[in-house]
Amino acid sequence: MSGGPRELTLYLRRWCHLCDELLAALEPLIAGQGVSVREIDIDEHEEYEDAYGEHIPVLCAGERELCRHRLDERAVRAYLLESRA
């Protein structure tokens with residue numbers, strides 16, 4: 001992977017408790033790692049409704065889905081290792 005900025009995308013709904021839980025568990029994993037999280041509320045972006053609908057939260061690194069519904073620490077840690085500069 002390139003040494004550029006690293007960004008994860010979290011597809012969520014603002015009212016979703018699973019989304020809140022995943023984000024809270026993710027934050028300590030990425031703290032100090034130079035990774036940003038772009039949050040996309042699918043209630044505000046209809047184009048993601050078909051792909052994610054009730055299957056949120058979904059955490060992605062580019063096109064690669066890392067986890068769905070609950071945080072998969074192993075998948076996130078693997079991404080962090082693979083994407084280091």
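Predicted model: local features only at pLDDT ≥ 70, side-chain atom pairs only at ≥ 80, totals over all residues.
**The whole chain.** Begin by displaying the protein chain as a cartoon. The chain contains 3 helices and 4 strands, and their order from the N terminus is β-α-β-α-β-β-α. Viewed along its principal axes, the set of C-alpha atoms occupies a box of roughly 35 × 25 × 15 Å. The radius of gyration of the protein chain is 12 Å, which agrees with the value near 12 Å that a compact globule of 85 residues would have.

**Surface and interior.** The accessible surface amounts to about 5200 Å², and carbon and sulfur atoms account for 47% of it. Of the 85 residues, 41% are buried. If contacts are then drawn between residues at least 6 apart in sequence, 66% of them connect residues at least 24 apart.

**Pro57.** Select Pro57, which lies in the loop between α2 (49-52) and β3 (58-61). Include Ile56 in the selection: the peptide bond from Ile56 to Pro57 is cis, and its omega is near 0°.

**His69.** Finally, move to the loop between β4 (64-68) and α3 (73-82), where His69 is located. Inspect the backbone here: His69 is a residue other than glycine with a positive phi, near 75°. Is His69 buried or partly exposed? Its relative accessible area is 30%; because buried requires under 20% and exposed over 50%, His69 is classed as partly exposed.

How values were computed
Residues numbered from 1 in each chain as written. Heavy atoms only, no water. Helix = DSSP H or I, 4+ residues; strand = E, 2+ residues; numbered from the N terminus. Rg over C-alpha atoms; globule rule 2.2 N^0.38 Å. Buried < 20%, exposed > 50% of the residue type's maximum accessible area, 1.4 Å probe, protein only. Contact = heavy atoms within 4.5 Å. Areas by Shrake-Rupley, 256 points an atom, 1.4 Å probe, with all protein chains shown as cover.
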